[in-house]
Amino acid sequence: NDNPRLLDVCRRGLQRFPGDLQFITLGSMALAVMDDYPRALNLLDSIGDFDSFQPKAASELHRIRADYFEKLGFRDSSYTEYEKAIASDAGNYMAMNNAAYFMALDSINLDKAKLYATMATENEPTNPTYLDTYAWVMYRRGDYPAAKELIDRAIACYDDSTVTDS
C-alpha cells in the first residue's frame with residue numbers, strides 16, 4: 001500500500017535492469033494509483049511495441065493503456081486499445097468488460113457491448129463487476145427486465161465481507 005516506496009523500488013530496479021517489464025508495469029500502476037496518469041502512461045509506453053510480447057502479456061498491456069487513456073479523457077484511444085487487447089487475447093475478459101462499460105456509457109456499439117458483456121459474464125458468472133456492466137449495457141439497450149435481473153444477480157454475488165463500516 002506504500003505506492004511512493006513501490007515507485008522508488010521500481011525506479012531502482014530499472015536502473016539495474018533497464019527495460020524490465022515487471023518494474024515498468026508495477027511502477028506505472030503505482031503512478032496510476034497516485035492519480036498520475038500522464039507519467040503512468042509515459043512509463044508504460046517506454047516498453048515499446050507491446051505486440052512483441054506473448055499475446056496474453058501484450059493484451060494486458062493494451063488493456064492497462066486503455067484504462068489510462070480513459071482516465072485521461074481520451075475515450076477514442078481507449079477504445080482502440082481495448083480492441084487491441086481483445087485481438088491479442090480473446091480471453092481478456094477485463095478488457096471486454098471495460099470496453100462494454102464505456103460503450104454503454106456512450107450509447108455506442110451496443111451490440112458489440114452486449115457481446116463483450118455476455119462473454120465476460122459467461123466466463124465469470126458470479127463476478128459482480130461483470131454482471132453490473134452487463135446490466136448497464138442492457139439498460140442502455142432498453143431491455144429493462146434483463147437489466148434488473150442482471151443487477152439483482154450482481155447484488156446477490158456481492159461479497160458482504162468486503163464492506164467495512166466507517
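Which pattern does the chain follow when read along the sequence?

**Figure 1. The whole chain of this predicted model.** Read along the sequence, the pattern is α-α-α-α-α-α-α-α-α. That comes to nine helices and zero strands. The C-alpha atoms fill a box of roughly 55 × 40 × 25 Å along the principal axes. Of the 166 residues, 40% count as buried. Among contacts with a separation of 6 or more, 47% join residues 24 or more positions apart.

**Figure 2. Helix α2 from end to end.** Helix α2 covers residues 21-33. At 1.5 Å a residue, its 13 residues should span 18 Å; the end C-alpha atoms are 18 Å apart, so the two values agree. Asp20 caps the N-terminal end. One of its side-chain oxygens lies 3.0 Å from the backbone nitrogen of Gln22. Just after α2, Asp35 takes a positive phi of about 60°.

**Figure 3. The buried residues of α2.** These are Ile24, Thr25, Gly27, Ser28, Ala30, Leu31 and Ala32. What covers them includes α1 (3-16), α3 (37-45) and α4 (55-71). An α-helix has 3.6 residues a turn, so residues three or four places apart point the same way.

**Figure 4. The packing of α2 against α3.** The two helices pack at an angle of about 170°, with their axes 8 Å apart. Angles over 145 degrees count as roughly antiparallel, so α2 and α3 are roughly antiparallel to each other. From α2, the contact uses Ile24, Gly27, Ser28, Leu31 and Ala32. From α3, Tyr37, Arg39, Ala40, Leu43 and Leu44 take part. By class, this contact has seven nonpolar, two polar and one charged residues.

Definitions and conventions
Residues numbered from 1 in each chain as written. Predicted model: local features only at pLDDT ≥ 70, side-chain atom pairs only at ≥ 80, totals over all residues. Heavy atoms only, no water. Helix = DSSP H or I, 4+ residues; strand = E, 2+ residues; numbered from the N terminus. Expected span 1.5 Å × (residues − 1). Buried < 20%, exposed > 50% of the residue type's maximum accessible area, 1.4 Å probe, protein only. Contact = heavy atoms within 4.5 Å. Polar contact = N/O pair within 3.5 Å; in protein donor to acceptor, adjacent residues only side chain to side chain. Axes fitted to C-alpha atoms, helices over the stretch in contact; angles between N-to-C directions. Parallel < 35°, antiparallel > 145°, perpendicular 65-115°, else oblique. Nonpolar A, V, L, I, M, F, W, Y, C, P; charged D, E, K, R; others polar.
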